[in-house]
Amino acid sequence: MKILLPFVAVIALVFLAYAGVGVAKLHFLFGVVLPYAAIAVFIFGFIYRMFIWGKSPVPFSIPTTAGQQKSFPWIKQNKLDNPSSTLGVIGRMALEVLLFRSLFRNTKTELRDGPVLSYGSEKFLWAAGLAFHWSFLIIFVRHFRFFMQDVPVVLQMIEGADSFFQVGAPLLYLTDVVLVAAVTFLVFRRLAMPLIKYISLPADYFPLFLILGIAITGILMRYVTKVHIVGVKELVMGLVSFSPVIPDGIGVIFYIHLFLVSTLLLYFPMSKLMHFGGVFLSPTRNMPANSREVRHVNPWNYPVHVHTYEEYENDFRDKMKKAGLPVEKE
Amino acid sequence: MYNGGKIIAGMLVFLAFFTFPFYYNLGKANARPEPKLNTPVIQQLAEKKCVESRDFMRAEHMQLLNDWRDSVVRDNNRIYKNREGKEFSISLQNTCMNCHSNKKEFCDKCHNYMAVKPYCFSCHIEPKENKS
């Protein structure tokens, strides 16, 4: 059920778009209204979530320390794994966001005969995750050629590199292959490993299936059941210049692709996909490990009224003197 | 908000990136390409038809060219029979570019719009553009 439900949901979305455009001819709804709504929800939802997260206090200084902290000058500090300065934190964040450094330390636990519990390194998740995210980013950036009237050279260079091997026509993109392979691996990882399968929820499978659906419809559209691409660009340019048009003869598969993308954008701010923004706000990563130098004040602390000894003495100095008690100030 | 400055800066970057197409294209007309079909050869055609139907050509011409290439280079078959049973001799230069001898006004119009640069003409000979 946990797996079937999200799978059926994605299939249902495909059929919904097919019925909506192929049968009911709701081109304007699926080609203009829903994409606009999805973009709006994505942008405002994203900012709203970040705002909520930004408002939540961080009670303790909890950076993870995976190396020598800053100490005596003759002890070498690990500046990236235990950063004490802003620069170090930026370096650590960059490695985290761009290379998933903490996932690289992923381990697996096994119970061997004996019984012995053993730990080993597990790099497949890191490798597949990295391959997936980078191809997704490249594919996303590549799509900007549909969004821009004159396409900058940088984008054309990315495309050239991506289709470097010049297989077939239209040229095969390497990222298409890598993305599908990586997402498939990520799905099978959840299915094949009993522990992971046990903790996986529909909300874990749904984005995977949805992204796989987007990738497959995109690939079908480029290599198999082709669409009128010039028309597609016209539609997209109409959207981004706020003068929507629906050119005819595009092909239903494009609207299915677009609908799945709209769903992804709608779903994004209310799902685990918000780790895109969340990774930047993880206190274990983004706080400098300087708890010995800088006091971290818990914002939850009550404003406690403190009566210091100095104030006490001011109140009772005369009486204390009369009683012969020692005072600090005469 | 805690660390508000940094979060707001991050959000501005986010906004700038994701709304990029909306402001990048401001003031640029949505100029869709109009490939020109007014070459002498096409004008002399009794029936103004491409190798296949127009809709097919629009979507599939790269696939067709790929199949043509395979057919010649791998199977030594230089005759293409279209869906209506009409035969064409397979050649990029002598068939496609014979009718579409206005490459700059035809092929390139679409390709520039889509920012694709087919690399075919680094080997195959481009038609000499005689403006008609």
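This report walks through some features of a predicted model with chains A and B.

**A helix in chain A**

Let's start with helix α2 of chain A, which covers residues 27–55.

**A phenylalanine in another helix**

Now jump along chain A to A:Phe209, which you'll find in helix α9 (residues 202–224). Is A:Phe209 buried or exposed? Its relative accessible area is 11%, and because buried means under 20%, A:Phe209 counts as buried. Leaving aside neighbours within four places in sequence, A:Phe209 is in contact with A:Ile3, A:Pro6, A:Phe7, A:Val10 and A:Val187. As for A:Pro63, it lies 146 residues from A:Phe209 along the chain, and their C-alpha atoms are separated by 34 Å.

**Chain B as a whole**

Time to look at chain B. Its secondary structure comes to six helices and two strands. If you follow the chain from the N terminus, the elements run α-α-α-α-β-β-α-α. Is chain B more spread out or less spread out than a compact globule? For 132 residues the globule rule gives 14 Å, but the radius of gyration of chain B is 22 Å, well over that value, so chain B is more spread out than a compact globule. Along its principal axes, the C-alpha trace spans about 75 × 35 × 30 Å.

Of the 132 residues in chain B, 35% count as buried. The chain exposes about 8,800 Å², and carbon and sulfur atoms supply 57% of that area.

**Salt bridges**

Over all chains, the count comes to 22 salt bridges. Here are three of them, with the N to O distance for each.

| Pair | N to O distance |
|---|---|
| B:Arg32 and A:Glu234 | 3.4 Å |
| B:Arg74 and B:Asp70 | 3.8 Å |
| B:Glu105 and B:Lys109 | 3.2 Å |

The pair B:Arg32 and A:Glu234 is joined by a salt bridge, and this pair crosses between chains, from the loop between α2 (20–24) and α3 (40–44) of chain B to helix α10 of chain A.

In the next pair, B:Arg74 is exposed, with a relative accessible area of 65%, while B:Asp70 is partly exposed at 24%. Then come B:Glu105, partly exposed at 25%, and B:Lys109, partly exposed at 30%. Chain A has a network as well: salt bridges that share partners link A:Asp81, A:Arg101 and A:Arg105.

**Backbone details**

Let's finish with the backbone. The peptide bond from A:Ala169 to A:Pro170 is cis, with omega near -5 degrees. A:Pro170 lies in the loop between α6 (153–162) and α7 (174–192) of chain A.

A:Gln166 is also placed in the loop between α6 and α7. A:Gln166 is partly exposed, at 40% relative accessibility.

In chain B, B:Asn76 is not a glycine either, yet its phi is positive, at about 55 degrees. You'll find B:Asn76 in the loop between α4 (54–73) and β1 (79–81). Buried or exposed? With a relative accessible area of 60%, and because exposed means over 50%, B:Asn76 counts as exposed.

Technical notes. Residues numbered from 1 in each chain as written. Chains lettered and ligands numbered in written order. Predicted model: local features only at pLDDT ≥ 70, side-chain atom pairs only at ≥ 80, totals over all residues. Heavy atoms only, no water. Helix = DSSP H or I, 4+ residues; strand = E, 2+ residues; numbered from the N terminus. Expected span 1.5 Å × (residues − 1). Rg over C-alpha atoms; globule rule 2.2 N^0.38 Å. Buried < 20%, exposed > 50% of the residue type's maximum accessible area, 1.4 Å probe, protein only. Areas by Shrake-Rupley, 256 points an atom, 1.4 Å probe, with all protein chains shown as cover. Salt bridge = Lys/Arg side-chain N within 4 Å of Asp/Glu carboxyl O. Contact = heavy atoms within 4.5 Å.
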